[in-house]
Amino acid sequence: MDLEKRAIAGEEQALVELLKRHEDTLYRTAYAYLKNEHDAIEAVQELTFRALKKVHSVKEPAYIATWLVRIIINICLDVKKKQEKFIYTHDVEVASMDQQPFELADIIASLPTEQQELIYLKYFQDMKNADIAQLKRIPEGTVKSRLHTTLKRLRLLIGKEGL
């Protein structure tokens, strides 16, 4: 906890140490969202820059790891929005559904962004519902009901894709 307090107080070396400590989790989160190494690495670099500028705004040292995850998710969502602007559907030939194999990651990617985020936080980052509620600033009961709805939708999609 001392390291977190020092980072919040503005000690850059303490923040660098925290970033190193959570590097694997942050990179895996970015990679899960962006699906390529280059973009994931760039997202982590952007996180470092943003964290250096805003670490003083963290109120509770115990939640600094959650704060870092929130930033990386926001960065990834921004990147995905920019990427979507460059996709031209008329340039893409779409094979029929029964000819094209689908992976779970593709099915998750077809979910709305908020539902994707819940899946990544709960099952890829192994976060507890209470931690997700804290991160998203919503009641824990809301997290549970949204996860239930998301999993129900995911089961339907998996069934349609034949996985």
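Colleague: Setting aside its neighbours within four places in sequence, which residues is Thr 29 in contact with?

Modeller: Bear in mind throughout that this is a predicted model. Thr 29 is found in helix H3, which covers residues 23-34. Leaving aside the neighbours within four places in sequence, the contacts of Thr 29 are Ile 72, Ile 73 and Gln 125.

Colleague: Is Thr 29 buried or exposed?

Modeller: The term buried applies under 20% relative accessible area. Thr 29 counts as buried, because its relative accessible area is 2%.

Colleague: How is the protein chain built up, and how many helices and strands does it have?

Modeller: Read from the N terminus on, the elements run α-α-α-α-α-α-α-α-α. Of the 163 residues of the protein chain, 36% count as buried, and residues 24 or more positions apart account for 64% of the contacts with a separation of 6 or more. The count for the protein chain is nine helices and zero strands.

Colleague: Which residues have the most contacts inside the largest nonpolar core?

Modeller: The largest nonpolar core has 44 residues, and its largest share, 10 residues, comes from H5. One of the residues with the most contacts inside this core is Leu 47, which, leaving aside neighbours within four places in sequence, is in contact with Leu 19, Leu 26, Leu 68, Ile 71, Ile 72 and Ile 75. The residues with the most contacts inside the core are Leu 47, Ile 64, Trp 67 and Ile 72.

Colleague: What is the C-alpha separation of Ile 64 and Ala 7?

Modeller: Ile 64 is found in helix H5 and is buried, because its relative accessible area is 2%. Not counting residues up to four places away in sequence, Ile 64 touches Glu 4, Ala 7, Ile 8, Leu 18, Val 55 and Val 58. Ile 64 and Ala 7 are 57 residues apart along the chain, and their C-alpha atoms are separated by 9.4 Å.

Colleague: Which helix gives the largest share of the lining of the second largest pocket?

Modeller: The second largest pocket has a volume of about 260 Å³, and its lining residues divide into four nonpolar, three polar and four charged. Among the lining residues are Ser 57, Tyr 63, Trp 67, Arg 70 and Arg 137. Helix H5 (64-85) and helix H8 (129-136) each supply at least two residues of the lining. The largest share, three residues, comes from H5.

Colleague: How far does the backbone oxygen of Lys 54 lie from a polar atom of the side chain of Ser 57?

Modeller: Ser 57, one of the lining residues of the second largest pocket, has its place in the loop between helix H4 (37-54) and H5, and it counts as partly exposed because its relative accessible area is 34%. Ser 57 and Ile 8 are 49 residues apart in sequence and 7.5 Å apart in space, C-alpha to C-alpha. From the backbone oxygen of Lys 54 to a polar atom of the side chain of Ser 57, the distance is 2.6 Å.

Colleague: What phi does Arg 137 have?

Modeller: Most residues other than glycine have a negative phi. Lys 35, in the loop between H3 and H4, has a positive phi of about 60 degrees although it is not a glycine, and just after H7, Asp 126 takes a positive phi of about 55 degrees. Arg 137 has its place in the loop between H8 and helix H9 (140-161) and is exposed, with a relative accessible area of 73%. Although Arg 137 is not a glycine, its phi is positive, at about 60 degrees.

Note on methods:
Residues are numbered from 1 along each chain as its sequence is written. This is a predicted model: local features need pLDDT of at least 70, side-chain atom pairs count only at pLDDT 80 or more; totals for chains, interfaces and linings use all residues. Side-chain values use heavy atoms; hydrogens and water are left out. Helices (H or I, at least four residues) and strands (E, at least two) are DSSP runs, numbered from the N terminus. On a 1 Å grid over the protein atoms alone, a cavity is a set of points where a 1.4 Å probe fits but cannot get out, and a pocket is an open set with protein on both sides within 12 Å along at least five of seven lines; lining residues have an atom within 4 Å of a point. Grid points are joined across faces, edges and corners, and a volume is the space filled by probe spheres set on the points. Ala, Val, Leu, Ile, Met, Phe, Trp, Tyr, Cys and Pro count as nonpolar, Asp, Glu, Lys and Arg as charged, and the others, Gly among them, as polar. Buried means under 20% relative accessible area, exposed over 50%, partly exposed in between (1.4 Å probe, protein chains only). A polar contact is a pair of N or O atoms within 3.5 Å; within protein, one must be able to donate a hydrogen and the other to accept it, and residues adjacent in sequence count only if both atoms are side-chain atoms. A nonpolar core is a set of buried Ala, Val, Leu, Ile, Met, Phe, Trp, Tyr and Cys residues joined through side-chain atoms within 4.5 Å. Contact means heavy atoms within 4.5 Å.
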